[in-house]
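Work through the exercises below with the model open. Try each task before reading its solution.

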Amino acid sequence: MLKEISCPTVERKEKSFANFNLVGPCNLSCKFCVATLAPNIPQLQGNSLNTPVAELPNISMFFQRLQEDNIGWVMLTGLNTDPLLYNYLEDLVEVIHNYGLKCALRSNGYLFFEKKEIINKMDKVSYSISTLNSKTAKDLIGIDYIPNWKKILKQTIPPVKINTVICPENVTEINNMLNFFSSQGVERVALREAFGFEPVNYILPFDAKFIKYFCDNPVFSYKGMEVTLWDVCTTTVDSLNYIASTGEIFSEYRLWDIMKQEE
Ligand code: SF4
């Protein structure tokens with residue numbers, strides 16, 4: 001499937017952040033996950049979840065690169081796992097802050113109540129929410145449990161953004177989800193189609209108003225929120241990437257490009 005993906009060549013802007021990609025087993029099994037789509041790529045073969053920060057491969061080089069490239073934000077994320085599963089997360093956040101850098105977290109939120117303290121030390125948080133329906137969840141992310149998002153959103157102190165991947169399974173739910181997010185005081189939502197799948201026919205609510213472009217992606221105003229239709233192929237955003245299993249540091253925004261080469 002990945003080999004059929006093709007994207008136009010886009011000129012990327014200056015790097016504004018670095019993705020810190022942890023690697024290991026996840027507490028969900030999403031259909032659109034790289035672990036499902038390309039399980040054999042070398043970057044997914046390790047497990048960095050039990051490795052102390054100082055022992056992660058090329059970690060000093062990564063922080064050096066951040067300084068050289070004048071990057072101020074580190075986004076803690078997972079290539080095939082959730083960063084809240086990293087056993088040295090507190091240490092990692094401390095190291096990042098000690099370098100004078102800001103720390104962002106991208107998480108599925110399922111461990112919120114166990115990890116609330118460290119989540120609230122982040123400088124911003126984005127939650128990946130694919131559905132609020134337990135039947136859809138079973139089909140799309142491999143679990144029929146939906147966390148208490150009302151409580152989670154209320155108890156999260158840093159600014160929150162929601163990321164939602166649009167798939168055939170959840171496309172009819174997206175607009176109701178937007179209404180829920182708005183009712184919970186969420187201010188920013190990013191919607192993107194699942195990479196490597198057939199396109200879905202998603203249409204924003206009719207009263208969503210286009211307001212601007214952000215990195216070449218259209219942003220709409222809807223019920224007090226900014227809703228971005230994110231296209232990973234054409235966005236001009238750029239980032240540095242660190243892979244915690246292999247220690248690779250590279251600047252391509254689209255990890256898929258790397259993965260395709262190595263298939
Ligand atoms: S939560 Fe993220 S890392 Fe985990 S299975 Fe889903 S897409 Fe993959």
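**Exercise 1: a strand and its partners**

Task: Find the bridge partner of Val189 in S9.

Solution. The partner of Val189 is Val227 in S9. Strands here are DSSP E runs of at least two residues, helices are H or I runs of at least four, and both are numbered from the N terminus. Two strands pair if DSSP finds at least two bridges between them. S9 also pairs with S8, antiparallel, over 4 bridges. There Val219 stands opposite Thr228 of S9. Finally, check the turn: 2 residues lie between S8 and S9 in this hairpin, and Lys223 in the turn has a positive phi of about 45°.

This is a predicted model: local features need pLDDT of at least 70, side-chain atom pairs count only at pLDDT 80 or more, and totals for chains, interfaces and linings use all residues. Residues are numbered from 1 along each chain as its sequence is written.

**Exercise 2: the sides of H7**

Task: Which residues of H7 (174-183) are buried?

Solution. Ile174, Met177, Leu178 and Phe181 are buried (20 or more other C-beta atoms within 10 Å of their own; exposed means 12 or fewer; C-beta atoms are placed from the backbone). They sit on the same side of H7, because they cover an arc of only 105° around the axis, taken from the directions from the helix axis to the C-beta atoms. The face turned away carries the exposed residues Asn176 and Ser183. After H7 comes Gly185, with a positive phi near 85°.
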